[in-house]
Amino acid sequence: MIRKAVYFDNNATTRVAPEVRDAMLPFLDEFYANPSSIHRFGGQLAACVEEARAKMAALLGAEQPSEILFTSCGTESDSSALLSAASTCPKRRKIVTTTVEHPAILNRVRDLARHGYRVTEIPVDGKGRLDMDFVRTAIDDDTLIVSIMWANNETGNVYPVEELSEMAHSVGALFHTDAVQAVGKVPFRLSSMPGIDMLSLSGHKVHAPKGVGALYIRRGVRFHPFVLGGHQESGRRAGTENVASIVGMGKAAELALAGIEEENTRVRALRDKLEKAVLETIPCVRVNGDPEHRLPNTTNISFEYIEGESILMLLDLDNICASSGSACTTGSLEPSHVLRAMGVPYTAAHGAIRFSFSRYNTEEEVDFTLSKLPGIMEKLRAISPYWSRRNK
Amino acid sequence: MWNYNEKVMDHFLNPRNVGEMADADAVAEVGNMSCGDALKLYLKLDEAGKISDVKFQTFGCASAIASSSALTELVKGMTLEEASKVTNRDIVAILGDLPEEKMHCSVMGMEALQAAIADYRKKKGLPGGEELKNEDHEGRIVCKCFGVTDVQIRNVARINHLKTAAQITEYTKAGGACGHCLDKIQEILDDLNRETAGEGDRPKDEFSALTPVRKILRIQDVIDKEIRPRLEHDGGSIELIDLDGSTVKVRLKGVCATCPNATLTLRKLVQAKLNEYLSPDLTVEEA
């Protein structure tokens, strides 16, 4: 039996919206035909896929639905974008990205580095902001593609992708952005941002199910498919369409477009309330990231002198779900690469907790969490040798 | 999500013997903040030389706190002689079990106890303390990221019968960050295994005199100890299928099964090891 949780881990995944589930159900039942089939039954499903494509295009403010390619997840979209760039522009041999990208980008570019590409990872400052002078010198006329995330999953930092994309275009490089965390939280108008050639997104971060994503490819940008096979998706992504999930993601896109206002008002206010109260009531805490340029739903707070897994375990006993940049939570032995890239001191990196909100969170949940946090920190700090040393 | 058992959760949620001790007879601190866990241990001894009181403070995850708490319960009432024989396995035994990736928490407990005993003996000018203290310091640093020495690696490998570098990472953290030392760790383990198995000095011609069943057992042993751990390190594995005269038939598994270098692996690793440990006449084929 899974217990009902106070869920502040929406950057990990989100609840499938009931409207999305309802939109999907017929496609798990009587609408089972293959959209590629010649009969009218199949043709009806193809029309539903196209409807979802139009909704996704609307969310992104894309010029036309054909710029949307459905994939299996954000990671596939990222790999597709980078590998397509490599195969369509074989003469250029340099890739520019950042030290704080998601592993979906970092591990792909590091693999390309093993195949002879030069990779530059742009460093960030203590707030996680990019060193723009470094970017200017890093992007040169050998640069194939610049891939920089729209928003960071751990800190919520939002990067100046429009400016960055123009810098890439000025030397004839492609620009790709992993917008998995930004979709549904910031408004998009890609039709008026001509520098953005490709953009990745994932369904399950915006209340669609897991296992479906999309890649935006601006009209006119050359594309070489990652998954080869049948003619689906106009020959750009083979494999029978995941119709139910695509329809669900279309519905989620429609809801996200309508909900951006709420994300930036009510959800933002909940996040701010939690963050402000933590800073006021608990000593030795710090917010990681750039509060000036940040998603409305994310806060990353370090509770100094204690370790993140212990915090998460105690939160979990109260059914509160969050996540941590701590090493111990993943079985890896190093704290988050994002916090390390930012130079967050070890005293703080190991005790970093991310609370990420969605429209399903309530003020009662924030109040409940705030009633539990101080006790948890006191309990763990009472055990910590560093805390008692600090207080001497 | 870690699946901690009830005992681990009990020691994490209700840790025994937490705190500082102003008049401690021995104090030791191991680990540090950059490594993500640290344990400070205080011991008090009575006139009979038994540990009469013990306190700890821990910075770390749930299993680090639970391991520290279990350690304090374990050593209370022991003489220093008894305590010096405590290993991380004793700590794990009290807790029932720990996830493999968390074994380093129990090792941290053992190291803190050894360091505290050394501190006591040093303060009292006793012998033995020096040895223990020195043993840790004499080793060469193998893992620069976590400051783990070859002596520590050998110790932990011996106590816990570890065979692979990946296990050493789980037990000591060594190799868990940049990974540059993993090959070095595997070499240390291979040397150690050879010493303990004593196979290095076994006469090679003895093999041909064995019955087929004994031969198969010996081949299986070399595969288990010397070959499979290396393949598993890279995500592969191997299975012994048959012995036909002097031809050993094996099946490569995992990533090795589809590896373009499989033939090379068979010849350079599998056959080479069997030749080295058992007989130069053995050849290897894929079944």
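**Helix packing and the chain contact in chain B**

In helix 5 of chain B, the residues M103(B), H104(B) and V107(B) meet E170(B), Y171(B) and T172(B) of helix 8 of chain B. Two residues count as in contact if their C-beta atoms, placed from the backbone, lie within 7 Å. Helices (H or I, at least four residues) and strands (E, at least two) are DSSP runs, numbered from the N terminus. The residues of this contact of helix 5 with helix 8 comprise 3 nonpolar, 2 polar and 1 charged. Here Ala, Val, Leu, Ile, Met, Phe, Trp, Tyr, Cys and Pro count as nonpolar, Asp, Glu, Lys and Arg as charged, and the others, Gly among them, as polar.

The structure is a predicted model, in which local features need pLDDT of at least 70 and side-chain atom pairs count only at pLDDT 80 or more, while totals for chains, interfaces and linings use all residues. Residues are numbered from 1 along each chain as its sequence is written, and chains are lettered from A and ligands numbered from 1 in the order in which they are written. The average pLDDT of chain B (the predictor's confidence in each residue, from 0 to 100) is 87, and 93% of the residues score at least 70. For the complex, the predictor gives an ipTM of 0.87 and a pTM of 0.82.

The axes of helix 2 and helix 4 of chain B lie 9 Å apart, and the two helices pack at an angle of about 100 degrees. That makes helix 2 of chain B roughly perpendicular to helix 4 of chain B (65 to 115 degrees; under 35 is roughly parallel, over 145 roughly antiparallel and the rest oblique). Axes are lines fitted to C-alpha atoms, for helices over the stretch in contact, and angles run from 0 to 180 degrees between N-to-C directions. On helix 4 of chain B, D90(B), I91(B), I94(B) and L95(B) meet residues of helix 2 of chain B, including A66(B), A70(B) and L74(B).

Within helix 4 (residues 88–95) of chain B, N88(B), I91(B), V92(B) and L95(B) are buried (20 or more other C-beta atoms within 10 Å of the residue's own; 12 or fewer is exposed, and in between partly exposed; C-beta atoms are placed from the backbone). Just after this helix, G96(B) has a positive phi of about 85 degrees.

The contact between the chains takes 21 residues from chain A and 22 residues from chain B. On the side of chain B that touches chain A, strand 2 (37–45), strand 3 (51–59) and helix 2 (62–75) of chain B each supply at least two residues.
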